[in-house]
Amino acid sequence: MHSDYMANLLAVGEVTPLQDNLDGVTIPTWFNEQKFKRAQHYFRQNFAAIYYGTICGLLASLSIPSILNALVFSTGGKPSFRVAARRYLGALKHTVNWYCDDLASMKSGSWQSLNHVRQVHSTIQRRATARNYRVIISQRDMAITQFAFIGFVILEPSKLGAQNEPADLDAMCHFWRVLGYLLGMEDKFNLCDSDEESRTRMRDLLENFIKPSFEQRTEKCEDAYRMLLGGLWCFNVLLDYNALAYCAGRVVGLSQFAKYWYKDGDQGSDDKFHLKMGWKSRVVLFVILSIHEVLLKYDLFRYCFNTALIMSGQIAEWFYSQIVKRSLEIILNYSRKLKGEI
């Protein structure tokens, strides 16, 4: 049986569009600066775990048809490696801005990032309206997207390797409640509230909506997984499709992915799903689970791995800029040839 929040989200939130007229929007009156900054500190201390949780959350959320359809529509119906790279590296950059910059200043990178995302959402909504589409970005879809970024961080921190105190997770819920508000979510649809209420909402959304969809994901969804991970490979070489799909299933809580380590219980033939993978995927899976379920518990390793991952993000941004630069050079040279200039 659904909670009142879930019943309202699924019945009303599905047909209620995201608010895209946010001119003059300001920090809400219930904003708590101490909690917000604590969440930012928690992010810096657990960057690798939160990044991993976000990847698993994105894979899980893409199993929802409306989320996948919105992604396909926003890319013009023709997603490619370059589009995926730009989209997801851009999303990572925005997230880092939100977690690291001061929200108090309207000129900060965080506010500029929020304004950019709002403009993108507004453009997509106008395009959808012009083509007589239904609601393309609904309040329900935004709540699912919130879950992608924060759900597993709150519900399964031990599976991600995050080290926290209860106050840290309460601060993270407040952080994403603020972001949801600033991105056009109505309070009654916002997935995040107090720590306890947020957990209840997230668990309900996971068990009754996300988990069934992930278990019955389509081939179109699988193709989107490959595109997402293909767009991020230059950021993290451990983004193997089969390994990450297994990890996402493990974090979602599906039984066929639950038993990997001997401590997880009996390893009967039905529990050896990972043994059906190729050797490369099995090695990558072992490395990922070793890092997030064992090694990130140790402060020194966590510090070193967080640093390495942040540096790889900077390298990935440079790598992508080179792809774009090279593509533009090819297009310009081809145009000059057509004009007879070379």
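Predicted model: local features only at pLDDT ≥ 70, side-chain atom pairs only at ≥ 80, totals over all residues.
Over the face of which residue does Arg217 lie? Arg217 is placed over the face of Phe214, at 4.3 Å from the ring centre.

## Overall architecture

The secondary structure of the chain consists of 14 helices and zero strands. Along the sequence, the pattern therefore reads α-α-α-α-α-α-α-α-α-α-α-α-α-α.

## Burial, contacts and surface

The chain has 342 residues, and 51% of these count as buried. Among its contacts between residues at least 6 apart in sequence, 77% join residues at least 24 apart.

The accessible surface of the chain amounts to about 17,000 Å². Carbon and sulfur atoms account for 56% of that surface.

## Aromatic pairs and cluster

Across the whole structure, 18 aromatic pairs are found. In the case of Phe43 and Phe47, the ring centres lie 5.4 Å apart and the planes stand at 90°, so this pair is edge-to-face; the cut-off for that class is over 60 degrees.

Both partners of this pair fall under the 20% limit for burial. Phe43 is buried, with a relative accessible area of 6%, and Phe47 is buried, with a relative accessible area of 5%.

Phe43 and Phe47 also belong to one aromatic cluster.

## Arginine over aromatic rings

Besides Arg217 over Phe214, a further arginine is placed over a ring: Arg201 lies over the face of Tyr5, at 4.4 Å from the ring centre.

Conventions:
Residues numbered from 1 in each chain as written. Heavy atoms only, no water. Helix = DSSP H or I, 4+ residues; strand = E, 2+ residues; numbered from the N terminus. Buried < 20%, exposed > 50% of the residue type's maximum accessible area, 1.4 Å probe, protein only. Contact = heavy atoms within 4.5 Å. Areas by Shrake-Rupley, 256 points an atom, 1.4 Å probe, with all protein chains shown as cover. Phe/Tyr/Trp six-rings, centres within 6.5 Å; stacked < 30°, edge-to-face > 60°. Lys NZ or Arg CZ within 6 Å of the ring centre and 35° of its normal.
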